[in-house]
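Student: I should like to work through the side-chain contacts of this protein with you. May we begin once the sequence and the structure are in view?

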Amino acid sequence: MTDTTPWRRPVGAATEVAAAAGRSPRPPEPGPARPPAPAGTAAAPVPPGTATATATATARPAAPPVRRGGGSGSGSGGGSGTPGGNAPAPLGRFLAKAAAVTAGLTAAGALFGLVRDQTIAHLFGAGHDSDSFLIAWTVPEMASTLLIEDAMALLMVPAFSHALARRAAGRAGLTRKEARTQDPVRLLVGATLPRLVVLLAAVACVLVVAAPLVVGVLAPGLPDPRLAVECTRMTALTVLSFGIAGYFSAALRAHRSFLPPAAIYVSYNIGIIAVMVALHTVWGVRAAAAGVAVGGLLMVLVQLPAFIRNVGFGLRRSRNRDTGPVDAPRGRRDRDRPTLIAFGLIAPVIFFAVFRQSQVLVERFLAASLPSGAISHLNYAQKVAQMPMVLSLMICTVTFPVVAQAMAGGEREKARRRVEQDLALASLAVLMGTALVVGYAPQIIQVLFERGAFTHQDTLATASVMRVYSLGLLGHCLVGALSRPFFSTARPTWFPALAMGAGLLVNVLAGAFAVRWWGTYGIAAANAAGISATAVLLLTGLGSRIVSIEVRRVALSIGRLAVSALAACVTGWIAGPMIPDPLLSAGLGCLLVPAMFGATGTAIRAIEVIALPRQIAQLTSQLTQRFRNVR
């Protein structure tokens, strides 16, 4: 029997879409209250325009939504999470909760990543074995940037946001079966995910077969490439697993489900550590490569239940006993199945991500001809130095769907305010972290890595390189924050890719010249120069092309924060060696550097520093109020 029950948009979904767009939700139309249905009796259909009873807790909606959102807060019909059940939490409170969840799991992922690097340093030191593994690790690093962090997120979060907006606008008057058949979100999944899996599986197979050629291109000066080739064949499997994990993450973030995507790096690093510890005595550094493959699989599995619950795997053909298959009209299918696999649409995002990650390729290519251990020193220095940048960008990760939805709704002013706030907060966080990393570099590296096969000479070399790397942390942060608005529009622009290409050219030319004279220090300095050039181009180009931010005001704000960071950095550099114990010195530095940063920022009237206590108090109040509501 055909289901012809009219589909009525759930109040929670409508209000959440309105909240995401910055509008006040429209209250439900008044109507006569209906008594609750008797126990064991199905609720009768309600004609369109008739409101259901909401006065009692036992009242049941006449036509439930097609799919529950699992509490994700998406437009898919999930509950709002408020005591009344009809009015959603304010957007600011939702973002505060999402930021707290993302911050906690990002910190946990970074912590396990640190333990992973410590385990590699302890077991394999900084020599030929670790260099061979790091050459093989270039494949998952590139795949992570393309398929999780940049290209996939920048492409699919706006795509899912647009699909959710079309879903919310187009379901009125449809039956539940018609709504399922014509769901833009599931049409998007059905049009893109199968093709993506086939493509990535083919690429992974090619990399496994062509591993000797890949190693020869990445590190032509490596003395004995056989070990690197074996490791590369195992890490190449991450191309498939990272692609699926990145797709799941983008879909869940667009649905405002941040917990599973934020947990992927926790599971990834746990997989690597477990396999290394279990198999290093048998396989040597190959165990680390096998752990990377296992960790990639765990990234998919940790998100799979939430993806099935919130998104699903495309449409099933519904069959009517009398009229045959029930499908969406062809015009709607053609519109809702996006042309994302058209090269002209995805090329700007792909080229941007490739150019960005190619900085690592340039570093390892240039360092392959240096003495053994140079690649390892660069890797350890970069991993530790970029931790402040990764933590600062969690703000932009949480707010990216909000910016994308504002752009989709034509609310440019809301997008502008959000982008300016993100730039200020991210710059404050990364510059404070930079001051700590530069001021206490030897102490940090000694505490983290100096044990086992990692010697004191390795500590000194890595700390010096890390200080040079830190000069580009602000540039890395700004590139990550500024690229998101460019890719929030319906059709991505080529400007970020061109800006990233210009920065890569600066990196290549400066690195080729500097490596002859300064070795690893020259490579790190070239990296900082290239990414800083890209950040300047993106900052000046955003206001005239996408969002009309006030570039001069943003630049002055960042400049004041940089002065505060310089004062804190000099203070830490002087105070660090005064305490012989590295752990105690670094611990006190975590107090001294922020204090000096805040004092200097207050003295020069940096608005972000002055307003930070009030913002922290507001966030604490919001979280406290939410916990009270939960209780």
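Student: By how many residues are Tyr 265 and Tyr 268 separated in helix H11?

Tutor: Please bear in mind that this is a predicted model. Helix H11 covers residues 264-283 and holds both Tyr 265 and Tyr 268. About one helical turn lies between these two tyrosines, because their separation in the helix is 3 residues.

Student: Is Tyr 265 buried, partly exposed or exposed?

Tutor: Residues under 20% relative accessible area are buried, and those over 50% are exposed. Tyr 265 has 24% relative accessibility, so Tyr 265 counts as partly exposed.

Student: Is Tyr 268 buried or exposed?

Tutor: The relative accessible area of Tyr 268 is 5%. The cut-off for a buried residue is under 20%. Tyr 268 is therefore buried.

Student: How many aromatic pairs does a search of the whole structure find?

Tutor: Such pairs join rings of Phe, Tyr and Trp whose centres lie within 6.5 Å. Searching the whole structure gives a total of 11.

Student: What is the geometry of the aromatic pair formed by Phe 160 and Tyr 247?

Tutor: The ring centres of Phe 160 and Tyr 247 are 5.8 Å apart, with 80° between the planes. Planes over 60 degrees apart meet the criterion for this class. The pair of Phe 160 and Tyr 247 is thus edge-to-face.

Student: How many residues apart are Phe 160 and Tyr 247?

Tutor: Phe 160 belongs to helix H4 (residues 151-170), and Tyr 247 belongs to helix H9 (residues 238-254). Both residues are buried. Their pair links distant parts of the chain, 87 residues apart.

Student: Which residue lies over the face of Trp 573?

Tutor: A charge sits over a ring if NZ of Lys or CZ of Arg is within 6 Å of the ring centre and within 35 degrees of the ring normal. At Trp 573, the distance from the ring centre is 3.8 Å, and the residue is Arg 467.

Student: How many disulfides does the structure hold?

Tutor: A disulfide is a covalent bond between the sulfur atoms of two cysteines. Cys 205 counts as exposed at 51% relative accessibility, and Cys 590 as partly exposed at 43%. The number of disulfides in the structure is 0.

Student: How far apart are the end C-alpha atoms of helix H6?

Tutor: Helix H6 (residues 184-209) has 26 residues. At 1.5 Å a residue, helix H6 should span 38 Å. The model agrees, because the end C-alpha atoms are apart by 38 Å.

Notes. Residues are numbered from 1 along each chain as its sequence is written. This is a predicted model: local features need pLDDT of at least 70, side-chain atom pairs count only at pLDDT 80 or more; totals for chains, interfaces and linings use all residues. Side-chain values use heavy atoms; hydrogens and water are left out. Rings of Phe, Tyr and Trp (its six-membered ring) pair if their centres lie within 6.5 Å; planes under 30 degrees apart count as stacked, over 60 as edge-to-face and the rest as tilted. Helices (H or I, at least four residues) and strands (E, at least two) are DSSP runs, numbered from the N terminus. Buried means under 20% relative accessible area, exposed over 50%, partly exposed in between (1.4 Å probe, protein chains only). A disulfide is a pair of cysteine sulfur atoms within 2.5 Å. The expected span of a helix is 1.5 Å times one less than its number of residues.
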